[in-house]
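Hi,

Here is the structure I said I'd pass on.

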Amino acid sequence: MSFLAIRVARVFDGERLLDGITVVLVEDGRIAGVAPGPAAPDGWPTRDLPDGTLLPGLIDAHVHLCADSGPGALDRLTGYTREQLEDTIEASLEAHLAAGVTTVRDLGDYRDAVPAWRSKGRPGLPSVVAAGAPITSVGGHCWSMGGEAQGADGLREAVRRRAERGADIVKIMASGGVLTPGTDTMSPQFTDDELKAAVDEAHALGLPITAHAHALAAVRQALDAGVDGIEHCTCLTPAGVQLDDALLAALAESEIVVCATLGSDPGVVVPPQIVAMAERAGITEAVLQEAVARLHRGGVRLVAGSDAGIGPAKPHGLLPATLEEYVRSGLPATSVLAAATSVAADACGVGDRKGRIRPGYEADLLVVDGDPTRDITAAGSPLAVYLAGQPAS
């Protein structure tokens with residue numbers, strides 16, 4: 001049996017701040033207790049981090065582990081060997097772990113490489129919730145990743161295939177995307193019947209389904225089809241972003257989880273052609289921040305996800321920058337931290353064992369320098385990271 005006491009200045013338990021010296025007890029990889037005050041049980045090894053805040057390990061709810069964050073990262077996947085894919089997945093996870101991320105949700109790989117890699121098992125890396133290859137239309141957004149499908153029967157078969165290959169969630173490209181030339185960010189990629197067939201098949205198999213949707217029409221279509229999540233949720237139209245009060249209320253009432261994928265590496269200069277493509281599609285930093293602020297004010301469930309891996313401005317381990325941008329958008333820091341811990345854990349299907357500092361939960365933990373509920377940049381300063389109670393190397 002293994003025991004560890006971690007003594008810190010304060011604890012964010014995934015939902016609220018416990019302000020004041022606190023000792024968190026870890027026994028055999030799980031949280032055994034949370035005790036206010038400085039006293040630790042006799043005989044327990046104790047790690048003192050007197051200026052630190054202890055949180056659940058962060059959860060990045062939107063990553064692409066097969067992509068290496070280099071130029072044309074998604075386009076180059078077709079040339080990778082299986083060994084290269086596996087090496088990239090592991091390097092990506094190491095970068096997330098260094099940033100305090102102990103669980104990721106991979107929402108699009110190359111030909112189901114992530115579930116295949118996960119089945120082999122490698123200890124000492126973040127836990128992975130996997131979607132496999134994203135389902136897309138023929139020639140649609142990210143078609144080269146191996147997920148093209150058409151027709152209601154074809155969509156059902158695509159969902160079944162992912163379930164058979166070990167996916168935990170289904171990802172479907174409900175609209176076009178910026179990084180795939182020839183696709184339309186303003187329009188749906190599937191008919192109503194096709195999207196509904198995919199949703200119904202996923203739910204029949206016990207899988208959640210989340211939809212990439214930039215277009216307003218695709219957001220509405222995904223809502224009507226009964227998806228569990230929407231990625232980006234930009235609500236683009238040729239006249240700009242249109243997120244009206246009725247749609248906002250419907251999204252909140254549905255309890256759909258939205259991942260806005262904000263955040264980028266401020267030290268990276270985005271190539272002018274990519275900036276131009278995004279601006280032509282109506283996507284700018286100000287537009288995205290305002291949309292997130294409206295979603296939060298409207299009571300929509302938000303999770304934190306970085307879209308890591310897709311290019312130089314989106315490196316793996318980016319989640320602290322995502323949290324900072326959420327705060328710059330006007331969200332309270334405690335809500336942002338919850339979006340990266342307890343709310344994200346629930347959205348990823350692991351909320352019964354991760355994302356909270358509670359007895360019985362897995363001891364995936366992060367200690368940061370300072371108080372991130374007062375200064376969110378502290379979330380980017382890890383002092384210690386633990387996986388199942390063991391220090392991450």
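**Side-chain pairs**

Arg160 and Glu157 sit three residues apart in helix 3 (residues 152–164), about one turn of the helix. Helices (H or I, at least four residues) and strands (E, at least two) are DSSP runs, numbered from the N terminus. Their side chains, Arg160 and Glu157, form a salt bridge at 3.1 Å, N to O; the term needs a side-chain nitrogen of Lys or Arg within 4 Å of a carboxyl oxygen of Asp or Glu.

Before you go on: this is a predicted model, where local features need pLDDT of at least 70, side-chain atom pairs count only at pLDDT 80 or more, and totals for chains, interfaces and linings use all residues. Residues are numbered from 1 along each chain as its sequence is written, and side-chain values use heavy atoms, leaving out hydrogens and water.

By the salt-bridge rule the count is 27. One of them joins Arg10 and Asp371 (3.9 Å, N to O). That pair links distant parts of the chain, 361 residues apart, and both Arg10 and Asp371 are buried (under 20% relative accessible area; exposed is over 50%, partly exposed in between, with a 1.4 Å probe and protein chains only).

Cheers
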